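Here is a short report on one protein chain. Look the structure over first, then read on.

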Amino acid sequence: MSTLLSAPPSVEEMYKQLEEKVRAARPNEDVSALERAFRFAAERHKEQKRDSGEPYMMHPLAVTNVLVDMQMDLIGLQTGLLHDIIEDTDTKLSEIEANFGEDVARCVDGVTKLTKIDLADREERQAESLRKMLLAMTSDIRVVIVKLADRLHNMRTIRSLSRERQERIAQETIDIYAPIAHRLGMGKIRGELEDRAFQVLEPEASAELIREIDAKREQNEEYLKKIKTTIEQKLARENIPSRVDGRVKRAYSVFLKLKRQKIRLDQVYDLLAIRIVTDSVKNCYAALGVIHNEWHPIPGRIKDFIAIPRPNLYQSLHTSVIGPGGMAFEVQIRTEAMHRIAEEGIAAHWKYKEGRKGSGVDDQRIAWLRQLVEWQREMRDPSEFMSTLKVDLYPEEVYTFTPRGRVVVLPRDATPIDFAYAIHSDVGNTCVGARVNGTIRPLRYALKNGDVVEILTQAGHQPSKDWLGLVKTPRARNRIKHVINAVERAKAVEIGQKSLEKEARRLGVQLSRISKEDIEKVATDYGVSKAEDLYAALGFGRFSARQVLQKVAPGEAIEEPAPVEPPAKPAPGRRIATGDGDLAISVTGIDQVMVYRAKCCNPIRGEPIVGYITRGKGVAVHSVQCPNVQNLMYEVERKIDVEWVRSASEPLPVKVIIYTDDRPGILNQVTSILNAESSNIRSLEARGDTSRQDEAAIVDITMEVRDKKQLDRVITAFRRIPGVRDIERVQHAP
């Protein structure tokens, strides 16, 4: 007996379902423009398929369905249907504007990636596409709402892609799009993006954690049910209207807590959470009193985001209490309006039907974005842009105050220097000290919630390079780099001029006969536009004075043969051994220079790397993930492309720290894994973790690996060992 399976809906059927949904949500609006957008997009995409094999038009329809759930206006819905049409077809933006108007065209253009522009590499394309989207967001927030809906559907259907593309898209999601959703207050979308990216990037850790949570799901749900009943009864007795829900914390959120605190799942005190939604701010505080009267609050876990909202306008009261049986749980208390904003964020404030592109409350929510775009206009380096963007998108944690009571929100572990630059660039540049809560504190002091900070300044003072290792905010980092770069560049120009003059005297070339125009003409051959840029490149050691002289004065008498002039487009230099066996690295456009691996990050084969020209020491090669890279790259002229040019059998030392339960057999399992991988152990030390109350241990191990692939295999195997809580690679040479 055969079973008939219903066929998936066709593109036409999906559109009809979408249109019915829109009519139900917007009964008084003419949706004919939506059908025109569908017909237009369906015609242009009709021959295209997704990687899954389904018609491509299924994707724009699914994205638009998400937008309907967000109660987007018709312009946003049309944009959802048309968002890929410029990128994936031959349609011109002018056609979109002619058929659907200026607003739709602007939004479609803002969402479109820069795939058709000839940029150097994928990182540069990614950076420029994100710049474009962020800039478009500042004038019309619908751009990013459509982009988030697009990314959400891509993450829901990501399994049809190759493993490499899955990882790349998931990493970009966790680094960029989930934090943007958070900054816009869109908690629901942020949560799904994070959890889906987590399953792709950490499949084993994700599966194991979900198994652990599911193993206790029945027990936890029963516990939450009892707590919920108790709270409802207590609130009703106090005549506090409420809606009470219980939930288990999201997998990715739990994973971050386990990783950050090096604890087991049974030690997560807010794994279970209760949400109380009531009718007024007054009753929020009254409900908090009821909760604290019933159960003991955990000190330091009470947070009032109603009195001081988060920058994304999130408002709620948070507390953690010890419930029945000694089990801890978190309670969030908010009004209905606060709950809608917490779930939907900026999407809860549409004012488009009134002919406006945003509301006053939304302006505050995207003020950070306008600042971010302004700071990053000057950034020429894509990797610096991407790194700074990631840092700025992380949620703020610390609420500090000026002596006059102004609230200054900063990232966790921010310093008085960050505070000073948050007030004004001039205050930051001239900062010489800080008084925190009336006491003088060093500039490296990590600010805490509630600190009152007074900045001490001195006219003429300038920031130090050391500050780059202290600050946490992109604003402070960018301002410091700007000042240091100006000073260093002036020095480099002076050094470059003197080196050229010295070499000219030695080789008998009279520079006085050479015009500035001739020097600038040669400068263009080296990829710079002005004579000062050429002098700076000489001063930084990017080119030799003799090479420049050979091009500036080819007819002059030169005492010794000049090197072969560099080609107009730099080609990889010779392969240079770095002292690690037969390890070799290719340096773009430079020959006869010493190259060495930076000790701060100890890069290994297979890792993305970047070179940095150091005066007198050659080219230092860093891992792109090295925490020092962004501190060094304040002088873009000194950055240089490097790459691994061949694999090698010579192993490299890598140190990792394993945080684990203190139990017999751990070391035997660790060494068995290394033996199976033919990885030699250089050193191994195991000790109890005295900083913790529970039975915990730390294993420091320095092992030899051939490349990053082998290191990843070893770390994955370590994570499978029962009792292992976290593993960290030490970012310095063992």
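Of the 734 residues of the chain, 50% count as buried. Buried means under 20% relative accessible area, exposed means over 50%, and partly exposed lies in between (1.4 Å probe, protein chains only). This is a predicted model: local features need pLDDT of at least 70, side-chain atom pairs count only at pLDDT 80 or more, and totals for chains, interfaces and linings use all residues. Residues are numbered from 1 along each chain as its sequence is written, and side-chain values use heavy atoms, with hydrogens and water left out.

**The chain as a whole**

The chain has 28 helices and 22 strands. These are DSSP runs numbered from the N terminus: helices are H or I with at least four residues, strands E with at least two. The chain exposes about 35,600 Å², and carbon and sulfur atoms supply 49% of that. Accessible areas come from the Shrake-Rupley method with a 1.4 Å probe; for residues, only the protein chains shown count as cover. Among contacts with a separation of 6 or more, 66% join residues 24 or more positions apart. Contact means heavy atoms within 4.5 Å.

**Two helices**

The expected span is 1.5 Å times one less than the number of residues.

| Helix | Residues | Span, first to last C-alpha | Expected span |
|---|---|---|---|
| α13 | 217–237 (21 residues) | 30 Å | 30 Å |
| α3 | 58–69 (twelve residues) | 17 Å | 16 Å |

Which residues of α13 are buried? They are Asn220, Tyr223, Leu224, Ile227, Ile231 and Leu235. They sit on the same side of α13 because they cover an arc of only 100° around the axis. The arc is taken from the directions from the helix axis to the C-beta atoms. Their packing partners are β1 (242–248), β2 (272–278), α15 (281–294) and β6 (328–335). The other side of α13 has Glu218, Lys225, Lys226, Ala236 and Arg237 exposed. Asn239 follows α13, with a positive phi near 60°.

Helix α3 is mostly covered: ten of its twelve residues are buried. Among them are Met58, His59, Pro60 and Leu61. The cover includes α1 (11–25), α2 (32–45), α4 (74–82) and α9 (142–156). Gln71 follows α3, and its phi is positive, near 60°.

**A residue in a strand**

Ile681 lies in strand β20 (residues 681–688). Is Ile681 buried or partly exposed? Ile681 counts as partly exposed, because its relative accessibility is 31%.
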